[in-house]
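Please look over the sequence and the model below before reading on.

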2 protein chains.
Amino acid sequence: MSASKKLSTAVKALYFLAETDPEPQNSITIANGIGSNASKLRQILSMLVKNNIIKSTYGTNGGFLIAKNINEIHLQEVYCAVEDRKAFYLDVSEVNGTGMEDAKKMNGLFLNLFSDIQVEIENKMRKIYLNNIIEQIKLTN
Amino acid sequence: MSASKKLSTAVKALYFLAETDPEPQNSITIANGIGSNASKLRQILSMLVKNNIIKSTYGTNGGFLIAKNINEIHLQEVYCAVEDRKAFYLDVSEVNGTGMEDAKKMNGLFLNLFSDIQVEIENKMRKIYLNNIIEQIKLTN
DNA sequence: GGGATTAGTTACACTATGTGTAACAGATTT
DNA sequence: AAATCTGTTACACATAGTGTAACTAATCCC
């Protein structure tokens, strides 16, 4: 499995917006700043807008603005905003046919196990705030 | 990300071998028993052989045999045997170009974070033994 | 109001990864 | 030698993610 690039792109964009706050930044400027693609970035940022993590304004001198304090944005909410499906998803597709009842039950066990893991991952993300990430970046300067 | 189907197939095969122990079972029999494909199954089982989780014998009446006690096989070693790369892998591909030093550092942070998560997942798997899985299946009969 | 600017959305080709399947090579038994 | 079985390779197919472009919708400015 691979947690998608979308999460890291989203966090980089948030970092960029935090650094340039309170000036609105358009998608092209952000994309140049973080080494991404403006069109793809708009797709990602629109999800952050829907989740009230950032705000957007149309028209000349419009762009994106961070909507919360950096110590109020944690990784889990960014993750949930950006990933429409569970990133840590176990493929335990249905067993077809008869006479494999035990194999079917095993699928259920795996689903339970991996939903536990999913919860743990999200709990861990919930403890990491944007300002923690920014601090760590600055520490390594 | 998606933890591959290979893990659940491997566990189902191990369960099948545990139930039929000590009779060697060939790939066709196991595949029929767990609803899989004999060829794909051989690919998976050959990895378990290399990791000494099961044994294989060639020739007539040959097949696969479980090589350890079911309370000595935990999920993490099956997972490691079967997945050549980390299943919970975050795509934080390199940032190209200059002037995006912070974005590059962020990739490093993400890699650290997700390697932490990887470790946690594997620790969790290390506590789950084949006999635990079998017990749970029988409990729901 | 009209043009410029920008977000938001849709579409699509390209890439990467995994899966299912078949074919063949290697090892062992009878 | 023939039959049986594992081990490996190859390849078509499906799926998901990525990069990119084009279009629509909203807003600003003159």
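**Briefing on the predicted model**

Chain A exposes about 7200 Å², of which carbon and sulfur atoms supply 48%; such accessible areas come from the Shrake-Rupley method with a 1.4 Å probe, and for residues only the protein chains shown count as cover. This is a predicted model, in which local features need pLDDT of at least 70 and side-chain atom pairs count only at pLDDT 80 or more, while totals for chains, interfaces and linings use all residues. Residues are numbered from 1 along each chain as its sequence is written, chains are lettered from A and ligands numbered from 1 in the order in which they are written, and side-chain values use heavy atoms, with hydrogens and water left out.

**Chain A**

- The secondary structure of chain A comes to six helices and four strands, where helices (H or I, at least four residues) and strands (E, at least two) are DSSP runs numbered from the N terminus.
- Along the sequence, these elements of chain A follow the pattern β-α-α-α-β-β-α-β-α-α.
- Of the 141 residues of chain A, 45% count as buried, a term that stands for under 20% relative accessible area (1.4 Å probe, protein chains only).

**Around DNA strand C**

- There are 28 residues around DNA strand C, and A:N26, A:Q43, A:S56, B:S39 and B:Y58 come nearest; a residue is near a strand if one of its heavy atoms lies within 4 Å of it.
- With six residues, α3(A) gives the most to the surface near DNA strand C.

**Around DNA strand D**

- DNA strand D is surrounded by 28 residues, the closest being A:K5, A:S39, B:N26, B:Q43 and B:S56.
- A polar side-chain atom of B:R42 lies 3.1 Å from a base nitrogen of DNA strand D, and an N or O atom in the side chain of B:Q43 is 2.9 Å from a base oxygen of DNA strand D.
- The surface near DNA strand D receives the most from α3(B), which gives six residues.

**Helix α6 of chain B**

- Helix α6 (residues 130-139) of chain B has as its buried residues B:L130, B:N131, B:I133, B:I134 and B:I137.
- These residues lie on the same side of α6(B) because they cover an arc of only 155 degrees around the axis, the arc being that of the directions from the helix axis to the C-beta atoms.

Methods. Buried < 20%, exposed > 50% of the residue type's maximum accessible area, 1.4 Å probe, protein only. Polar contact = N/O pair within 3.5 Å; in protein donor to acceptor, adjacent residues only side chain to side chain.
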